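Trainee: I am new to this structure and would like to go through it by question and answer. Please show it before we start.

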Amino acid sequence: MTSSPHQSIFERGAWYVVVQGILIGLILFGPQGSLLIRSEPLASILQSCGIAIGLLATLIMVIAVINLGKNLTPLPCPKDNAILIQNGLYQFVRHPIYFGVLLAAIAWLLIFPGIYILIYAIGLFFLFDIKARREEVWLVERFPDYRDYQRRVKKLIPAIY
């Protein structure tokens, strides 16, 4: 089913974006359920790693947005005038923006270790997996070459998944 002007925003997958926003909000501002790390050197190492991963995540998201260009939409349903992007970061992972957001969640967890943050991040991973699965149904319908792209490139984590 390709999108049409008569399709509602929710038929185009807006509820995924709403849940995604809630989970990201919880990661950043929700209860943390602090994990007490008693070792000061370990806490400093984790924070330093978190900052580095956070910077990498930001870079990945910015580059992926640039690679996607006019195709960018928060909705999983592609725009009517979309073209299939398979270059840039999209040659390494089919959903690099989702990957970048997941890395950012891990970075936040390392900087502010908390059991609830871990749970929210795991929830975000599962949401992105489900959202990507739905998005890819629309992409396969729109782009016949997408099936080959799926066979060649991992979905959410480069070279892994």
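Mentor: A term comes first: helices (H or I, at least four residues) and strands (E, at least two) are DSSP runs, numbered from the N terminus. This is a predicted model, in which local features need pLDDT of at least 70 and side-chain atom pairs count only at pLDDT 80 or more, while totals for chains, interfaces and linings use all residues. Residues are numbered from 1 along each chain as its sequence is written, and side-chain values use heavy atoms, with hydrogens and water left out.

Trainee: Where is the place of A159, and is A159 buried or exposed?

Mentor: Buried means under 20% relative accessible area, exposed over 50%, and partly exposed in between (1.4 Å probe, protein chains only). A159 has a relative accessible area of 71%. The place of A159 is in the segment after helix 5 (146–152), and A159 is exposed.

Trainee: What is the phi of A159?

Mentor: Most residues other than glycine have a negative phi. A159 is not a glycine, yet its phi is positive, at about 65 degrees.

Trainee: In what order do the elements of the protein chain run?

Mentor: The protein chain has five helices and zero strands. From the N terminus on, the order is therefore written with helix symbols, under the DSSP rule for runs. It reads α-α-α-α-α.

Trainee: What share of the residues of the protein chain count as buried?

Mentor: The protein chain has 161 residues, and its C-alpha trace spans about 55 × 30 × 25 Å along the principal axes. The share that counts as buried is 39%.

Trainee: How many aromatic pairs are there?

Mentor: Rings of Phe, Tyr and Trp (its six-membered ring) pair if their centres lie within 6.5 Å; planes under 30 degrees apart count as stacked, over 60 as edge-to-face and the rest as tilted. By this rule the number of aromatic pairs is six.

Trainee: Are W108 and F112 stacked or tilted?

Mentor: The relative accessibility of W108 is 25%, which counts as partly exposed, and F112 is partly exposed too, at 32%. Their rings lie 4.7 Å apart, centre to centre, with 50 degrees between the planes. That pair is tilted.

Trainee: Which residue lies over the face of W138?

Mentor: A charge sits over a ring if NZ of Lys or CZ of Arg is within 6 Å of the ring centre and within 35 degrees of the ring normal. Here the distance from the ring centre of W138 is 3.7 Å. The residue over the face is R134.

Trainee: Which residues does E136 touch, not counting residues up to four places away in sequence?

Mentor: E136 is found in helix 4 and is buried, with a relative accessible area of 4%. Contact means heavy atoms within 4.5 Å. Leaving out residues up to four places away in sequence, E136 touches R94, H95, Y146, Q150 and K155.
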